[in-house]
Amino acid sequence: MSKIIAITNQKGGVGKTTTSVNLGASLAALGKRVLLVDIDPQGNTTSGIGINKADVTYCIYDIIINDVHPKDAICDTNIENLKVIPATIQLAGAEIELVPTISREVRLKKSLSLVKHMFDYILIDCPPSLGILTVNSLTAADSVIIPIQCEYYALEGLSQLLNTVRLVQKHLNTSLQIEGVLLTMFDARTNLGIQVIEEVKKYFQQKVYQTIIPRNVRLSEAPSHGQSIITYDSRSKGAEVYMELAKEVITYE
Ligand code: ADP
Ligand code: MG
């Protein structure tokens, strides 16, 4: 069975892209067929997995706005089983261009339904907003992973995000679920990190993944080499924890 997971949080810099790329690569390393869908105009998943944006023929914009078949936009990566639908800066206009269009919230869902059977997991890397691109992602998804950075104000803005999830559940996608909440960039040397973990667990209870992603320099270096942590440094702590997370995600299949 295939599953579409949106990786979302309207805050920037919480680890959405890092999680998309490295969870995707880890699932692929475990033999799953994975498609990464980059729907953030910044295109960090696209460049982070080694795609040169100048070489992209069709991106997610063409799929959502111009009805290009998603198969025509799928690119290979340096990992077997891991494909990507790239995003380029062209996507920046999509929020506005979608406003007057018919069925604007379900465009991504319709497109991904054409290729869903080809993959075990489709991971959507969402932009840092609750705009129409994120609504498209939540409408297309079976479930969401919410990365939360172990920092001050970790829970700030989450009620807005959960409210958006509820609205999508009510009007557009009744079967949308919370797949899990992922604590990221944990620093064991500070009390703050431990406090945030407790707070988040109180709020989300069993939805919080056992795997906690620590701060790891190799994780922050890998994107500038256009690689996931699995190929950049498979022996790093970062690779170890994202593999653990992938196993946890598979257990909840
Ligand atoms: P988002 O997609 O939510 O904006 P990113 O995944 O791009 O967040 O992460 C923000 C920044 O933090 C990036 O520079 C990334 O390399 C870095 N980063 C993310 N996770 C970690 C981590 N566990 N350890 C160290 N750096 C990280
Ligand atoms: Mg990002």
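## Shell around ligand 1

Two helices, H1 (16-29) and H9 (217-221), each supply at least two residues of the shell around ligand 1. Helices here are DSSP runs (H or I, at least four residues), numbered from the N terminus. H1 gives the most, with 3 residues. This is a predicted model: local features need pLDDT of at least 70, side-chain atom pairs count only at pLDDT 80 or more, and totals for chains, interfaces and linings use all residues. Residues are numbered from 1 along each chain as its sequence is written, while chains are lettered from A and ligands numbered from 1 in the order in which they are written.

There are 17 residues around ligand 1 (C-beta atom, placed from the backbone, within 6 Å of it). Lys-16, Thr-17, Thr-18, Arg-215 and Ser-220 come nearest. By class, the shell has 6 nonpolar, 9 polar and 2 charged residues. Ala, Val, Leu, Ile, Met, Phe, Trp, Tyr, Cys and Pro count as nonpolar, Asp, Glu, Lys and Arg as charged, and the others, Gly among them, as polar.

## H1 against H11

H1 also meets helix H11 (residues 237-251): their axes come within 8 Å and cross at roughly 70°. H1 is therefore roughly perpendicular to H11 (65 to 115 degrees). Axes are lines fitted to C-alpha atoms over the stretch in contact, and angles run from 0 to 180 degrees between N-to-C directions.

From H1, Asn-22, Leu-23, Ser-26 and Leu-27 meet Tyr-242, Met-243, Leu-245, Ala-246 and Val-249 of H11 (C-beta atoms, placed from the backbone, within 7 Å). This contact has 7 nonpolar, 2 polar and no charged residues.

Definitions and conventions
Angles under 35 degrees count as roughly parallel, over 145 as roughly antiparallel, 65 to 115 as roughly perpendicular and the rest as oblique. Two residues are in contact if their C-beta atoms, placed from the backbone, lie within 7 Å.
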